[in-house]
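Open the model in your viewer and keep the sequence panel in view. The stops below are given in the order in which to select them.

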Amino acid sequence: MIAEGLEQAPILDDIIELAREQRAAVREVPRRELEAAARSDAPQGVVALADPLPSKELSDLARPLPPAHGSAERAPFLLVLDGITDPGNFGAVLRTAECAGVSGVVLPRHRAARVTATAAKAAAGAVEHLDFAVVPGIPAALRDLSSHDVWTVGLDPAAPRPLHELDLASEAVALVLGAEGRGLSRLASERCDVLASIPLRGALGSLNVAAAAAVACFDIARRR
């Protein structure tokens, strides 16, 4: 759906052309109708209806990745989100994860943000390039990942070992991030193979979860 009366722009032409290539119907509708159909704030004049993203098994995410550009198999780099509830933060984390080369994201089934329209918009397209596994509980998922030889690294501001000292260049690794405010749950923290912190130099004691994800994901990506 495209709102009536939008100014002409190359991006709109691209959207219409791509939709028609995919045999998706394109309708011009009054802006009021479009905004009523949108599930995110400020839809910017375009709304598309899509099927839900497919979910993968946790064991699938733990498998080695296929070779890229003639290289050998690559170890997976996963992100485990322990109860992030804000869809804006969630989407920002997914955008960072995709840019840093994360191969899969593990989400809890309950009490956490899901891949909604708001989160997808904040992710800026990253949801189309990441694999997701939705699990009943994060602690049990961490145990399962360990059984598949994936190192689980929990990010905890109180951990004495800084993240940049971990040697993760060639390992299968899952970075575990806690919820806004409370951080990692007790059980998730206990199930991690190792806890690590981002060293802080200011007066504040923690980073926003999206900022922490950016620092940690790219630190691991640099070592890999």
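Select Leu207 first: its relative accessible area is 39%, so it is partly exposed (between 20% and 50%; under 20% is buried and over 50% exposed, with a 1.4 Å probe and protein chains only). This residue sits in the loop between β8 (194-196) and α8 (209-223); helices are DSSP runs of H or I with at least four residues, and strands are runs of E with at least two, numbered from the N terminus.

The model is predicted, and local features need pLDDT of at least 70, side-chain atom pairs 80 or more, while totals for chains, interfaces and linings use all residues. Residues are numbered from 1 along each chain, and side-chain values use heavy atoms, without hydrogens or water.

Next, go to Gln44, in the loop between α2 (31-37) and α3 (58-61). Gln44 is not a glycine, yet its phi is positive, about 65°. Its relative accessible area of 64% makes it exposed.

Then select Ala124, in the loop between α5 and β5. Here too a residue other than glycine has a positive phi, about 55°. Ala124 is partly exposed, at 49% relative accessibility.

Move on to helix α1, residues 10-21. Its 12 residues reach 17 Å from first C-alpha to last, close to the 16 Å expected (1.5 Å times one less than the number of residues). Arg23 follows α1 and has a positive phi near 60°.
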